[in-house]
Amino acid sequence: AAGGGGGGGGEGGGGEGGVLWSEEEARLFVGDAGSLTAAHVDICPQLEFAHGLTGLKLLGVATREATPRLAALHAADYTQLDAAEAQAELLATRVPVDRPLDDAQRALLLDEAVTAVALEPGDLGVFDSGCLHFAANGLHWPVTGGMNAALYHGMLTRPLLAQLRAAARREAGGGDASGDEGDEDDAWAAGESLRPSDLLRELDAGGAG
């Protein structure tokens with residue numbers, strides 16, 4: 001990934017579904033054909049907009065209701081700081097597009113609670129990043145071949161406030177990515193630049209919370 005979202009700006013969105021906050025800068029994700037993003041749940045949930053630039057990307061997203069079940073089976077636990085975290089990352093399920101799937105990969109891809117789409121150039125995919133999701137670059141490679149690039153831009157709408165507040169409570173108590181309570185570890189070793197508590201403070205300061 002290149003670029004950074006980091007801070008955002010409040011939009012002052014009114015109404016039940018108004019935009020309360022959005023990233024000031026989009027993040028550019030570039031990967032070779034066959035590169036993968038393991039199943040995971042973002043620590044700071046937001047509405048994620050994925051803009052396809054080049055190549056084809058397989059994007060899979062689970063329902064909110066199924067996320068705790070699927071995260072327990074397939075996602076890395078980013079609340080671990082030691083070697084166990086790196087091992088968990090290696091063991092998290094990935095869904096490749098350039099080789100046969102193993103049992104765990106097939107089970108994740110075919111789970112009835114998972115929606116899988118092909119993000120093509122010019123497409124816009126929108127999903128809740130607080131739900132378990134995964135991606136693979138180079139769908140239909142080598143027919144299309146080469147690099148895959150997509151821009152990601154996050155924003156927060158009023159219906160997601162409850163999720164954000166729950167994420168902030170887990171941050172304070174050390175809960176894991178599936179939403180269960182856990183040890184009081186720093187969950188930000190995974191490179192997250194935005195904490196739920198930071199975003200809530202920004203919203204409260206702007207009167208949007």
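The model is predicted: local features need pLDDT of at least 70, side-chain atom pairs count only at pLDDT 80 or more, and totals for chains, interfaces and linings use all residues. Residues are numbered from 1 along each chain as its sequence is written, and side-chain values use heavy atoms, with hydrogens and water left out. Helices (H or I, at least four residues) and strands (E, at least two) are DSSP runs, numbered from the N terminus.

**The sheet**

- Four strands form an open sheet in the order β4-β9-β6-β7, with antiparallel pairing. Two strands pair if DSSP finds at least two bridges between them.
- β4 (36-40) and β7 (114-119) are the edge strands, and each pairs on one side only.
- From one strand to the next, the twist averages 15°.
- Three bridges join β4 to β9 (residues 133-137) in the antiparallel sense. Here Thr37 stands opposite Ala135 in β9.
- Helix α3 (residues 103-110) packs on the sheet and touches β4, β7 and β9. Contact means heavy atoms within 4.5 Å.
- The direction of α3 makes about 90° with that of β7. Axes are lines fitted to C-alpha atoms, for helices over the stretch in contact, and angles run from 0 to 180 degrees between N-to-C directions.

**Helix α5**

- In α5 (residues 196-205), Pro196, Ser197, Leu199, Leu200 and Leu203 are buried. Buried means under 20% relative accessible area, exposed over 50%, partly exposed in between (1.4 Å probe, protein chains only).
- Seen down the axis of α5, the buried residues fall within an arc of 160°, so they line one face of the helix. The arc is that of the directions from the helix axis to the C-beta atoms.
- Arg201 and Ala205 are exposed on the other side of α5.
- The buried residues of α5 pack against β2 (19-23), β10 (148-157) and α4 (161-173).

**The α4 and α5 pair**

- α4 and α5 pack at about 130°, with their axes 8 Å apart.
- The two helices, α4 and α5, are therefore oblique to each other. Angles under 35 degrees count as roughly parallel, over 145 as roughly antiparallel, 65 to 115 as roughly perpendicular and the rest as oblique.
- Residues making the contact include Leu161 and Leu164 of α4, and Leu199 and Leu203 of α5.

**Ser129**

- Ser129 sits in the loop between β8 (124-128) and β9.
- Ser129 is buried, with a relative accessible area of 0%.
- Not counting residues up to four places away in sequence, Ser129 touches Val41, Asp42, Cys44, Pro45, Gln46 and Glu48.
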